[in-house]
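Trainee: I have a sequence and a structure to look at. Please show me how to read them, step by step.

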Amino acid sequence: MNRIQIILDDITCLSVDVIVNAANESLLGGGGVDGAIHRAAGHELLAECRTLKGCPTGQAKITLGYQLPARFVIHTVGPIWRGGAAGEAGLLASCYRCSMELAIGQGLATLAFPSISCGVYGYPLAQAAEIAVSTVAQVLSGNDQIRKVYLVCFNAEVFAAYTRALGLLSPTG
């Protein structure tokens, strides 16, 4: 899957069509990557997010990127880990799928995802990485519009987990 690339970087600095925000249901900013994206984009992002009236877990909504190098931000709400029996896997896969479908609908070709639900939401890293990689690969297999998906990792441990997950999908990467 040469259209998927695992990178260790600051998602707010990437020049792509769209970065995906691991948001909370209010879409009004928070901690982690959500707070970093809101700070980097400027106050206009918060103003636009207020008009969206939130977003349910597993779904996605799009805004402009404002002061970010990315033209757009897709906000998706990942599941909070509750032990695995509360539909978390399906909701997490839906975050990736809905975000990519929204990007496709907007004619976008380059996306960057953070490690959705892997921070304070407590999703087990190896499981989250496998869901992310397999869902992105599945959507890419049915679409030629998206040229590149970056899975952006915030530390070496996350990078290693995502790299392992990509290796499980395709030993040649």
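**Reading the sheet and its helices**

Mentor: Start with E2. Val18, Val20 and Ala22 point one way from this strand, Ile19, Asn21 and Ala23 point the other way, and all are buried. Buried means under 20% relative accessible area, exposed over 50%, and partly exposed in between, with a 1.4 Å probe and protein chains only. The model is predicted: local features need pLDDT of at least 70, side-chain atom pairs count only at pLDDT 80 or more, and totals for chains, interfaces and linings use all residues. Residues are numbered from 1 along each chain as its sequence is written, and side-chain values use heavy atoms, with hydrogens and water left out.

Trainee: How many residues of E2 are buried?

Mentor: Six of the six, so E2 is largely enclosed by the rest of the structure.

Trainee: What counts as a strand or a helix, and when do two strands pair?

Mentor: Both are DSSP runs, numbered from the N terminus: helices are H or I with at least four residues, strands are E with at least two. Two strands pair if DSSP finds at least two bridges between them. Here E2 and E4 pair in the parallel sense over six bridges. Alanine 23 has valine 77 in E4 as its bridge partner. E2 also runs parallel to strand E5 (residues 110-113), joined by two bridges. There, valine 18 is partnered by leucine 111.

Trainee: What is the strand order in the sheet?

Mentor: It is E1-E6-E5-E2-E4-E3, an open sheet of six strands with mixed pairing. Strand E1 (4-8) and strand E3 (60-64) each have a single partner strand, so one side of each is left without a neighbour in the sheet.

Trainee: How do I describe two packed helices?

Mentor: Use the angle between their axes and the distance between the axes. Axes are lines fitted to C-alpha atoms, for helices over the stretch in contact, and angles run from 0 to 180 degrees between N-to-C directions. The axes of H1 and helix H2 (residues 43-51) come within 5 Å and cross at roughly 115°. H1 and H2 are therefore roughly perpendicular (65 to 115 degrees; under 35 is roughly parallel, over 145 roughly antiparallel, the rest oblique).

Trainee: Which residues of H1 and H2 meet?

Mentor: Ile37, His38 and Ala41 in H1 meet His43, Glu44, Leu45, Leu46 and Cys49 in H2. Contact means heavy atoms within 4.5 Å.

Trainee: Which strands does H1 lie across?

Mentor: Helix H1 (residues 32-41) lies across strand E2 (18-23) and strand E4 (72-77), running at about 130° to E2.
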